[in-house]
Amino acid sequence: MSELASEPVAQREDVLGTATADAPVRGPAPDPAEPLLVVDDLRVRFVGRGRTVHAVNGLSYSLAPGRTLAIIGESGSGKSVAARALMGLLPSTARVSGSARFDGTELVGLSEREARRHRGADIAMVFQDPARSLNPTMRIGVQIAEAVRAHSDLDKAAAHRRAVELLAMVHLPAPQRRFHEYPHQLSGGMRQRVMIAIALAGEPRLLVADEATTALDVTTQAQIMELLLELQQRLGTAIVLISHDLGLAASYADDVVVMYAGQVVERARTADLFAHVRMPYTGALLGAIPRLEREPHSLLPVVPGQPPDLSALPGGCPFRPRCSSATDECAEGPPLREHEPGHWWACWHPLPDAPVKEGV
Amino acid sequence: MTTLEKGTAPVDGRRPGEELLSARDLVQEFPVRAAGGVRGGTVHALSGVSFDIRAGETLGVVGETGSGKSTLARSVIQAPPPRSGSVVFEGTDLTRLRRRALVRARREMQMVYQDPYGSLNPRWRVSELVEEPLRGYGVRDRGPRVAELLDMVGLDPSVYGRRRPHEMSGGQCQRVAIARAIALNPALVICDEAVSSLDVLIQSQVLNLFERLRRELGLSYLFISHDLALVKQVSDRVAVMHLGQLAEVGPAEALYRGPRHPYTAALLDSIPGLDARTGRPRRPAPLAGEPPSPLDPPSGCRFRTRCPRARERCAVEEPVLVERAPDHRVACHFPIEPGTPTGADAPADAAERTTP
Ligand SMILES: Nc1ncnc2c1ncn2[C@@H]1O[C@H](COP(=O)(O)OP(=O)(O)OP(=O)(O)O)[C@@H](O)[C@H]1O
Ligand SMILES: Nc1ncnc2c1ncn2[C@@H]1O[C@H](COP(=O)(O)OP(=O)(O)O)[C@@H](O)[C@H]1O
Ligand code: SF4
Ligand code: SF4
Ligand SMILES: [Mg+2]
Ligand SMILES: [Mg+2]
């Protein structure tokens, strides 16, 4: 990881306390030398009847406590499979190789029993659909209290008190009363708060948010992201933010990993990535987003074709069939290398710096 | 058909700018039965919504989930008809038509929905799917027209004509849905989250297709999405819905550059991303509180429980849409004056505000 100067923590707290429309930029969190999670050449394939899906093909990154790493890419690019591999949540058809070390412990190859010990206690996950993750027949407070008891030896009454505390911590209004409500009585945003409360019950050091705000309105998304950052400040949690939304990554992540067809195609500090996009796929993603600055009725730059079939990946650069910079060289797969300090990309013909800076 | 670079082609004698559709005072309410311990009541899905769509124009509709966008679209096509109010389309009030006449009028008005797979019969081939609306209205010599339509939406008829929906990607299915929608030369296409389930690179292909069809066929769109930037991309004018009412309607560029309703400003302030000018992250400013329940909307202004500008008057008097700038109407007692920092300027007397 690069050693860019980082702003002092006090300044970040200041920023958090005064969230206004023109709030100053959030400085990067301190980047301690000791990462909490080191993922190295993680690979996942699914073996089926005569068909092997290569879902993750060599993912590497490291994440320090208190920092946020965004993994972005279109649907099917392997973001969720990679996250589930960390949690030991893949079906038995999955074959995982490579390494993911959490605080020194290797997560790849753990038995189901060992993996379960890490889940919730060390690493917790929040998914896109809170309605489906919650039990509709159980009061939300009871569900949180159960999660608390699963990770501690608190008795029933203490777990109840802790559950109310957690509901207050995620800013659910009237936590005492809400404790007794059922999921269907809550809005989508409130349910996601409950999911976060459950995720926090085991006081995890790593939180994986897989499209956790995708189903929410922008207004609610902003509230939930604010909540996650506040909790990160208080608890020092590291966050893996999985999303297809580049804007979300730009606003909230310290580092960004761009995935395409199960591979990392670009990786950098957030500011470096968006100021100096190198990989044509990242450039295409940025160009294709409708942006507020664009004129109504303007045509968007178009990338032809579709993502490749992961069960029949041709050799070479996976983006080649759709890339306007492709040459014969690209028939050989470009390696992911650190070409500029902290900025990694896998491309033979990286983009030059754009003359005009555009937003996301 | 020739491609027009600018503006729109006159179709069937309609000139761009003329009113194609006028909706007035649409009200839609749904009784909800008591279930799981919740008291029954009435969902106020639309409470007096009025708007126009001009020929060749795209009206965008944005708003949070449950604000009534889909209900609005369904009220326009009379499925189901609104509880009250009128929908005058090409001079005819659709709410007064009987079934047969309505079917005839509906030919000019087509829908494209969010779920590309769910809206197509999985057993049919693409050519049959595109032929169906033509057959339904007794069009003859359909084969060449089907091929022409598939070409128009960028699907090679010889490659895709015999495929079934599950043999295609989401973006391709959405193209088939669009081919069906334009098959009968409609005047108006209603898109309800029509590109929301597509990935960004596919989404831009489909958005450009909508844009090309608008230019070539002179279509008008009612374009619904929760994504504000996406709506701006395609719209001439934008309507902002909040809890069954219009908060603000105005020219797209003016509304996004200078939102006058605090709710519009809050929506814009919630979008994460990078600032185009500085290249620095934009830090969204969350609204405080939860969206109110449509079962029991607040008195006065329905936004007042979350509004940073709310004052006493907002709790007692319901704001109505007032023209604050040319073609730009706002339902707020204390609208934002563009140029002042949002929410920070002291609410002045609304009556004093004229054009910027
Ligand atoms: N058939 C129905 N019965 C009861 N309530 C309904 C019905 N249809 C819609 N509603 C309610 O009316 C309100 C408006 O719903 P609508 O589907 O129009 O919202 P929307 O703006 O399209 O939201 P989204 O962005 O989630 O699609 C909501 O509170 C919804 O629950
Ligand atoms: N259980 C599974 N069996 C076979 N293939 C799978 C399974 N789960 C996911 N995949 C495939 O792995 C690829 C990556 O999926 P995923 O990680 O869910 O993508 P993302 O989260 O980036 O949208 C996709 O091609 C998907 O179809
Ligand atoms: S390696 Fe070649 S095909 Fe791949 S992104 Fe770079 S230029 Fe395009
Ligand atoms: S009428 Fe009052 S509460 Fe409603 S938006 Fe305007 S200032 Fe806010
Ligand atoms: Mg996923
Ligand atoms: Mg809807």
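Chain A falls into domain 1 (1–20 + 64–87 + 104–122 + 205–360) and domain 2 (132–203), with bounds from an automatic or database domain assignment. The model is predicted: local features need pLDDT of at least 70, side-chain atom pairs count only at pLDDT 80 or more, and totals for chains, interfaces and linings use all residues. Residues are numbered from 1 along each chain as its sequence is written, chains are lettered from A and ligands numbered from 1 in the order in which they are written, and side-chain values use heavy atoms, without hydrogens and water.

The centres of the two domains, taken over C-alpha atoms, lie 30 Å apart. Contact (heavy atoms within 4.5 Å) links 16 residues of domain 1 with 13 residues of domain 2. The two domains bury about 1,200 Å² between them, 67% of it on carbon and sulfur atoms. This buried area is the accessible area (1.4 Å probe) lost on putting the two parts together, summed over both. I224(A), L227(A) and L231(A) supply 33% of the area that domain 1 buries against domain 2, more than any other three residues.

Helix α9 (residues 218–235) gives the largest share of the domain 1 side, nine residues. Helices are DSSP runs (H or I, at least four residues), numbered from the N terminus.

Ligand 3 is surrounded by residues including C317(A), C323(A), C330(A), C347(A) and H349(A). A residue belongs here if one of its heavy atoms lies within 4 Å.

Definitions and conventions:
Helices (H or I, at least four residues) and strands (E, at least two) are DSSP runs, numbered from the N terminus.
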